Amino acid sequence: MSTDALMGHLQHLQAIADANGGTRQTGTPGYDASVNYVVKMLQDKGFDVQTPEFDVGIFHVNAESLVVAGTPVTAGAIEFSGVSPQHGATGPLIAAPKGKSTGCLPTDFDGMSIEGAVVLVDRGDCILPDKVTAAKARGAVGLVIANNSPEKAFSAAFVEEDKITMPVVWVSTEAGVRLRALPPGGPNTANLVVDARTDHRRSRSVVAQTKTG
């Protein structure tokens, strides 16, 4: 495929997003329009095309916030996070210790008490559910994951099958540094809110093969 042809397809898909609220996410009209476009392009090239349906969970965030020592901190709910109690998960903000700051294992919190706390860890070294498991095993009520790349957006997510029950948000690298700099033992109460739901919809995938199989 030539560069011009590729750019043409990308521009068409962007036009679909623009016409559908800026998204082509699975389960949305923009996704369906994208499937129809791809199917037509493949059929025009002589492919046999099928669009089998599947069930998909769509994560919707109604409210997300993090307040530490009375100061709001910009934070985003990680997709398929657990939800917080009605008024948020509240407890002291405690950071995983230096050298074990990614919080991948319960033993990373040896020598400290995080029961009833909102825990701050850095992204990296393991998958996100492992961080939740480690913090929850020691009694944490919420988890804040600081991005480990100041140049890149936080793009990681849970999947619905992880069945995360703890509210989990991400913050920027800079915010993580500021939170870690708070004096230990100070009035660093954190309130973490994740109000979200998961809707299930039927969607379609695209399967194409040549006429010869």
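Buried means under 20% relative accessible area, exposed means over 50%, and partly exposed is in between (1.4 Å probe, protein chains only). Keep that handy while looking at the charged pairs here.

This is a predicted model, where local features need pLDDT of at least 70, side-chain atom pairs count only at pLDDT 80 or more, and totals for chains, interfaces and linings use all residues. Residues are numbered from 1 along each chain as its sequence is written, and side-chain values use heavy atoms, with hydrogens and water left out.

A salt bridge is a side-chain nitrogen of Lys or Arg within 4 Å of a carboxyl oxygen of Asp or Glu. Going by that rule, the count is 6 salt bridges. Here are some of them:

| Pair | N to O distance |
|---|---|
| Asp-44 and Lys-40 | 2.9 Å |
| Asp-48 and Lys-211 | 2.8 Å |
| Arg-197 and Asp-199 | 3.3 Å |

Let's start with Asp-44 and Lys-40. Both sit in helix 2 (residues 29–44), 4 residues apart, which is about one turn of the helix. Helices (H or I, at least four residues) and strands (E, at least two) are DSSP runs, numbered from the N terminus. Asp-44 counts as exposed at 52% relative accessibility, while Lys-40 is partly exposed at 46%.

Now for Asp-48, whose side chain meets that of Lys-211 in a salt bridge. Asp-48 lies in strand 1 (residues 48–50) and Lys-211 in the segment after strand 10 (207–209), so this pair ties together parts that are 163 residues apart in sequence. Asp-48 is partly exposed at 32%, and Lys-211 is exposed at 60%.
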